[in-house]
Amino acid sequence: MQDTRLMTTYPPQPVTFTRGEGCRLWDDQGRMYLDFLSGLAVTSLGHAHPIVADAVCAQAKKLLHVSNLFGTEPQRHVAATLDRLIDAGPGRVFFCNSGAEANEAAIKLARKWAGHGRHVVVSAYGSFHGRTLATLHATGQPAKHEPFQPMPEGFRHVAWRDIDDLTGAVDPTVAAVLLEPVQGEGGVNAAGAEYFQRVRSLCDERGILLIVDEVQTGLGRTGEWFGFQHYGVLPDVVTMAKALGNGMPIGACWARDDVASAFLPGDHATTFGGQPLATAAARAVLATMEAEDVPARARSAGAYLSAGLEKLTGVKAVRGLGLLIAVELEDGKRAGQVASAALDAGLVVNAVTPTALRLAPSLLVTEAEMDEAVEILANVLAADGAS
């Protein structure tokens with residue numbers, strides 16, 4: 001039942017989940033579901049992973065919060081690990097609580113680094129970068145801007161994967177280009193190596209920063225540790241969140257040393273960012289991801305799942321990278337209706353566009369679980385009323 005004390009920022013919630021384990025969820029009626037959305041690509045190690053759960057419990061008994069006026073051991077460990085996995089030159093990390101906050105930090109850093117008069121951030125139509133006022137305006141979806149006008153100044157949008165449009169938009173007021181390696185909320189559309197390499201060259205030529213938003217794609221989801229690593233480029237700034245805590249709220253903004261040095265004490269802060277409970281979870285998540293080699297698992301599982309989905313009647317195309325997948329439905333089939341029917345059948349996915357479903361299962365998903373998900377979708381698509 002919908003809780004009427006909640007603000008109506010989401011549609012009515014059709015299910016109340018009470019427990020999870022791996023790729024499984026249970027609702028308050030005791031019914032089991034196969035979770036192929038992972039809380040919007042968050043629980044990449046599955047629900048209630050024992051190593052992460054034990055780390056959170058142990059940290060909760062030791063130290064929860066001291067503020068960033070003082071150091072904590074898990075924070076420093078996680079920062080060093082992220083710097084190593086990004087592998088784009090020595091860099092530094094700012095911890096926060098979400099992907100939107102990570103992108104806010106990146107935007108502020110770009111403005112500080114570039115100096116007064118060079119403050120514009122250019123992003124792409126179809127992108128999604130957050131729900132704060134600044135990151136909402138960075139998001140290339142004008143319909144989302146209208147209820148909140150006037151939006152903050154300093155953002156410009158260009159056509160996705162159109163290097164000529166981007167080149168024309170980069171004038172002397174621009175500080176940075178902000179792009180996703182795969183537009184997740186925009187329909188799971190990959191940028192491609194050629195486009196990213198040309199963007200990198202343009203940023204170098206114009207003396208501006210390349211910020212890569214890895215909030216949804218980062219940490220193994222696409223088959224590499226970070227999506228940009230598919231494209232043979234090195235970014236200046238990388239933002240991440242979602243999978244970093246496997247459900248514990250945490251975000252991070254990494255920047256190359258010379259860029260990060262633009263921030264001085266007092267330029268940016270957050271009370272809860274990088275506190276011990278969140279970073280203890282992140283430390284356990286990263287250690288488990290490395291032990292499991294989740295990028296390799298995502299590559300293999302993504303190929304297996306995509307092959308199964310492509311065979312389904314009612315599916316026009318399957319796209320994505322690794323285990324971030326969109327299923328484009330044949331004409332006449334509405335993704336929202338199919339997702340709802342799938343939920344009724346015990347499979348959690350979502351409609352990422354009116355005609356496409358998004359699948360982002362745990363990176364530890366098994367072939368048996370993928371076969372089960374494909375079978376459920378096959379039955380849903382074949383049933384009357386799916387179109």
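This is a predicted model: local features need pLDDT of at least 70, side-chain atom pairs count only at pLDDT 80 or more; totals for chains, interfaces and linings use all residues.
Trainee: Which residue is joined to Pro150 by a cis peptide bond?
Mentor: The omega angle of this bond is about 0°, and the bond is cis. The partner of Pro150 in that bond is Gln149.

Trainee: Is Val188 buried or exposed?
Mentor: Val188 sits in the loop between strand 8 (182–183) and strand 9 (189–190), and its phi is positive, near 60°, although the residue is not glycine. Its relative accessible area is 1%, and the cut-off for burial is under 20%. Val188 is therefore buried.

Trainee: What is the phi of Ser67, which is not a glycine?
Mentor: Ser67 belongs to the loop between helix 2 (50–60) and helix 3 (73–86), and it is partly exposed, with a relative accessible area of 23%. Its phi is positive, with a value of about 80°.

Trainee: Which residue has a backbone nitrogen 2.7 Å from a polar atom of the Gln275 side chain?
Mentor: Gln275 lies in the loop between helix 9 (257–260) and helix 10 (276–292), and it is buried, with a relative accessible area of 18%. Leaving aside neighbours within four places in sequence, Gln275 is in contact with Leu64 and His65. The backbone nitrogen at 2.7 Å from its side chain belongs to Leu277.

Notes:
Residues are numbered from 1 along each chain as its sequence is written. Side-chain values use heavy atoms; hydrogens and water are left out. Helices (H or I, at least four residues) and strands (E, at least two) are DSSP runs, numbered from the N terminus. Buried means under 20% relative accessible area, exposed over 50%, partly exposed in between (1.4 Å probe, protein chains only). A polar contact is a pair of N or O atoms within 3.5 Å; within protein, one must be able to donate a hydrogen and the other to accept it, and residues adjacent in sequence count only if both atoms are side-chain atoms. Contact means heavy atoms within 4.5 Å.
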